[in-house]
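Please keep the 3D view open as you read.

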Amino acid sequence: RRWRNLDNRIMAITINGNGTITGLSVGGLPDGTVDRDTLAVAAKGSVLQFKYAQKTATQTLSSNSTWTDITDLSIDITPKVSGNTLVFTLLARFGNDTSSGNGIRLIRDSSTVIGNSSGADNALSNVSYNIGGNRPYMDISHMWFDTSSGTSQVNYKIQAYKQSGSFQFNGRGGEANDGKYCQLTVMEIAA
């Protein structure tokens, strides 16, 4: 096919077997031919979508040695392409008024993405407990990676665990105050 450039001169364009195009100059394609969506799906490393969930209330874990869903920190995402990387970031606060094993994990539908069945081995330390009558808390940030296995909607959520004590997610150990904005984010990155 022959194309005319902006000076109305005919230019030869070749689409090579390896997918490259030669013979194009700046302004050589009609306006609207290539847009952001066209490039984003194919551009390796591009952020294809971003979603987030936010929690503002304190949540008390009432059961010992049981994984508990953290309300409001759940995201539904429909991957654009199978095999893309999903990058998750959690910014949160927690506290426990007892020296206890505490845990946190990321769940995909009903499967654990990262974390195991023993809460004491999962990502949260037991440094936030009652010290001299004070009830400190810990601000944390975690990052997890997953790979999309299809293009159907998937739910991701945060679960927390405590062995004992009064554990507050988004608050001080033993108290429902000093909360902040906890956030779970996900970005789909083109593979």
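The report below covers a sheet, then salt bridges, then aromatic pairs.

This is a predicted model, in which local features need pLDDT of at least 70 and side-chain atom pairs count only at pLDDT 80 or more, while totals for chains, interfaces and linings use all residues. Residues are numbered from 1 along each chain as its sequence is written, and side-chain values use heavy atoms, with hydrogens and water left out.

**The sheet**

Strands here are DSSP runs (E, at least two residues), numbered from the N terminus, and two of them pair if DSSP finds at least two bridges between them. Four strands make an open sheet in the order S7-S12-S9-S10, with antiparallel pairing. S7 and S10 (111-114) are the edge strands with a single partner strand each, so one side of each has no neighbour in the sheet. On average, neighbouring strands are turned by 35° against each other, direction ignored, with axes taken as lines fitted to C-alpha atoms. S9 (residues 102-108) and S12 are antiparallel and joined by seven bridges; Leu 106 has Ile 158 in S12 as its bridge partner.

**Salt bridges**

Searching the whole structure gives three salt bridges, counted when a side-chain nitrogen of Lys or Arg is within 4 Å of a carboxyl oxygen of Asp or Glu.

| Pair | Closest N to O |
|---|---|
| Lys 157 and Asp 69 | 3.1 Å |

Lys 157 in S12 and Asp 69 in S7 are 88 residues apart. Arg 108 in S9 and Asp 146 in S11 are 38 residues apart. How exposed are the partners? Buried means under 20% relative accessible area, exposed over 50%, and partly exposed in between (1.4 Å probe, protein chains only). Asp 69 is partly exposed at 36%, as is Asp 139 at 40%, whereas Arg 93 is buried at 10%. Arg 108 is partly exposed at 24%, and Asp 146 is buried at 10%.

**Aromatic pairs**

Rings of Phe, Tyr and Trp (its six-membered ring) pair if their centres lie within 6.5 Å; planes under 30 degrees apart are stacked, over 60 edge-to-face, and the rest tilted. The count is four aromatic pairs. One of them, Trp 67 with Tyr 161, is tilted, at 5.1 Å centre to centre and 40° between the planes. Both residues are buried. Phe 94 and Phe 167 are stacked, at 5.7 Å and 15°. Phe 94 belongs to S8 and Phe 167 to S13 (residues 167-169), so this pair ties together parts 73 residues apart in sequence. Phe 94 has a relative accessible area of 0%.

Conventions:
Axes fitted to C-alpha atoms, helices over the stretch in contact; angles between N-to-C directions.
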